[in-house]
Amino acid sequence: DRVRIETPAGVLEKRIEGSVGIQYVVDTTGFADTSSIVVLSRTHEEFAKSVRTTLPLMRFRPAIMNGNKVRQLVQQMFAFRIDTMVYAQQPKDPKKAQKP
């Protein structure tokens, strides 16, 4: 299963794109150790919040050393890009999109 990191509504409405560089430890069960999360870079604080919220829901393949699962330090970049085709199909006023 894939986990999707949502672009925060405030920056999406303003059509802001950006990225987050993050460091964390993947534990032996394949989950990110939330106490190890460090934001290394960000273009907007809302993107960093979105990654921090979603990272604990992600599942990873634990590292293997000498046949044993081990904790591994990971550095990863997350890019937030607006798909202009999808964006163009969204109603500009959600109230008008609702049918009575």
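Let's start on the outside: Asn-66 is exposed, with a relative accessibility of 76%. Keep in mind that this is a predicted model. Asn-66 sits in the loop that links β3 (63-65) to β4 (68-70).

Now for the hairpin. Strands β1 (residues 18-26) and β2 (residues 32-42) pair in the antiparallel sense, with six bridges between them. Five residues lie between these two strands, and there Gly-30 has a positive phi near 95°.

Side chains of opposite charge can pair when their charged atoms come close. How many salt bridges does the structure hold? There are three:

| Pair | N to O distance |
|---|---|
| Arg-71 and Asp-33 | 3.0 Å |
| Glu-45 and Arg-42 | 2.6 Å |
| Glu-46 and Lys-49 | 3.5 Å |

Arg-71 and Asp-33 meet in a salt bridge. Arg-71 is in the loop between β4 and β5 (72-80) while Asp-33 is in strand β2, so this pair ties together parts 38 residues apart in sequence. Asp-33 is buried at 19% relative accessible area, whereas Arg-71 is partly exposed at 49%.

Glu-46 and Lys-49 both belong to helix α2 (residues 45-54), three residues apart, or about one turn of the helix. Glu-46 is partly exposed at 31%, and Lys-49 is partly exposed at 42%.

As for the remaining pair, Glu-45 is partly exposed at 37% and Arg-42 is partly exposed at 46%.

How values were computed. Residues are numbered from 1 along each chain as its sequence is written. This is a predicted model: local features need pLDDT of at least 70, side-chain atom pairs count only at pLDDT 80 or more; totals for chains, interfaces and linings use all residues. Side-chain values use heavy atoms; hydrogens and water are left out. Two strands pair if DSSP finds at least two bridges between them. Helices (H or I, at least four residues) and strands (E, at least two) are DSSP runs, numbered from the N terminus. Buried means under 20% relative accessible area, exposed over 50%, partly exposed in between (1.4 Å probe, protein chains only). A salt bridge is a side-chain nitrogen of Lys or Arg within 4 Å of a carboxyl oxygen of Asp or Glu.
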